[in-house]
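Here are a few notes to go with your first look through this one. Have the structure open as you read, and take the points in order.

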Amino acid sequence: MCKNTIYTVNILPHNHKKCNKSIVYSVKIISVKKSVFVFAAVIAVLGVIIGLTCGSAVSTASSVSEKVIVIDAGHGGVDAGVLGVKTKEKESDINLAIAKQLKGYFTDAGFTVVMTRKTNAGLYGSASQGFKMRDMKKRKEIITTSKADMVISIHQNFCPIPSRRGGTVFFDKNSESGKLLAADIQSSLNAMDECASENEALAGDYYMLKCTESPSVIVECGFLSNVEDEALLISPEYQKKIAYAIFKGAVGYYS
């Protein structure tokens, strides 16, 4: 055997290349002394490690790409939702802006994303009697047809008490998976620097939470009845930031 042979192998995870959706890590051999056989053995071991890493990465990428995330921007069209207490900004417009940012994060991460509403229009057809229920049923149809693995519905809150602030996530009381997803997203919202009130995820009896057996939540991003929350929620920078917080919490559910 090769006594007193000293060699060191550093795997540098921050210096990598993508290879067929796999990650091949750079390997730096700092020093190898005396034995060609030791060098060959190191290379062989590294080949196994890299092969396993690549296989794991491919498997992970595959499982992610198979997940269908439905993002639902609440309201739309003649149904503006609530209005900002100071700016009178429509909830429906803010919902769509945040939903689009959220879609970008999920898409970039490799998920398949379906949006129930892509424009400022509603999903009800004509604005005749019963338009609200037609709108809701259309959303359910999209969720069912897409075979959603997760549903995130984006909304803004309003309260007669103007001091109420912060994001609140709702889940169906009969859905354990929905409760877990809501808790993950709520924790992510509470961790934001702008968080002025650490709220708890709450059970809610809402139509959108019953459209699928997969985990489904309604994210009330903040209170448009509060001037501080309103100023944040109409800001494109904050819309992007809160979308990322929702995304991070949702991905945490799968980890």
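1. Let's start with D79, which is buried at a relative accessible area of 15%. Keep in mind that this is a predicted model. The side chain of D79 meets that of K132 in a salt bridge, 2.5 Å from N to O. D79 sits in the loop between β3 and α2 while K132 is in helix α3, so the pair ties together parts that are 53 residues apart in sequence. K132, for its part, counts as partly exposed, with 33% relative accessibility.

2. Next, have a look at D72 and R139, whose side chains also form a salt bridge (2.5 Å, N to O). This one links distant parts of the chain: D72 belongs to strand β3 (residues 68–73) and R139 to helix α3, 67 residues apart. D72 is buried at 1% relative accessible area, and R139 is buried at 2%. D135 comes in here as well, as D72, D135 and R139 are linked in a network of salt bridges.

3. A further pair to find is D229 and R165, with a salt bridge of 2.9 Å, N to O. D229 is in helix α5 and R165 in the loop between β5 (150–157) and β6 (168–171), so to speak two distant parts of the chain, 64 residues apart. D229 is buried, with a relative accessible area of 6%. The count of salt bridges comes to nine.

4. What about a charged residue without such a partner? E91, in helix α2 (residues 91–108), is buried yet has no salt bridge. The nearest side chain of opposite charge is R117, 8.0 Å away. What E91 does have is a polar contact of 3.3 Å between its side chain and that of H155.

5. H155 turns up again in the second largest pocket, where it lies nearest the centre along with M136, Y206, M208 and I218, out of 13 lining residues. The pocket has a volume of about 200 Å³. Helix α3 gives the largest share of the lining, four residues. The lining divides into five nonpolar, three polar and five charged residues.

6. Of its 17 lining residues, G166, G167, L189, C195 and Y238 are the closest to the centre. Helix α4 gives the largest share, three residues, and the lining divides into eight nonpolar, six polar and three charged.

Technical notes: Residues numbered from 1 in each chain as written. Predicted model: local features only at pLDDT ≥ 70, side-chain atom pairs only at ≥ 80, totals over all residues. Heavy atoms only, no water. 1 Å grid on protein atoms, 1.4 Å probe; cavity = no way out; pocket = protein on both sides within 12 Å on 5 of 7 lines; lining within 4 Å. Nonpolar A, V, L, I, M, F, W, Y, C, P; charged D, E, K, R; others polar. Buried < 20%, exposed > 50% of the residue type's maximum accessible area, 1.4 Å probe, protein only. Lys, Arg positive; Asp, Glu negative; His and termini not counted. Salt bridge = Lys/Arg side-chain N within 4 Å of Asp/Glu carboxyl O. Polar contact = N/O pair within 3.5 Å; in protein donor to acceptor, adjacent residues only side chain to side chain. Points joined across faces, edges and corners; volume = space filled by probe spheres on them.
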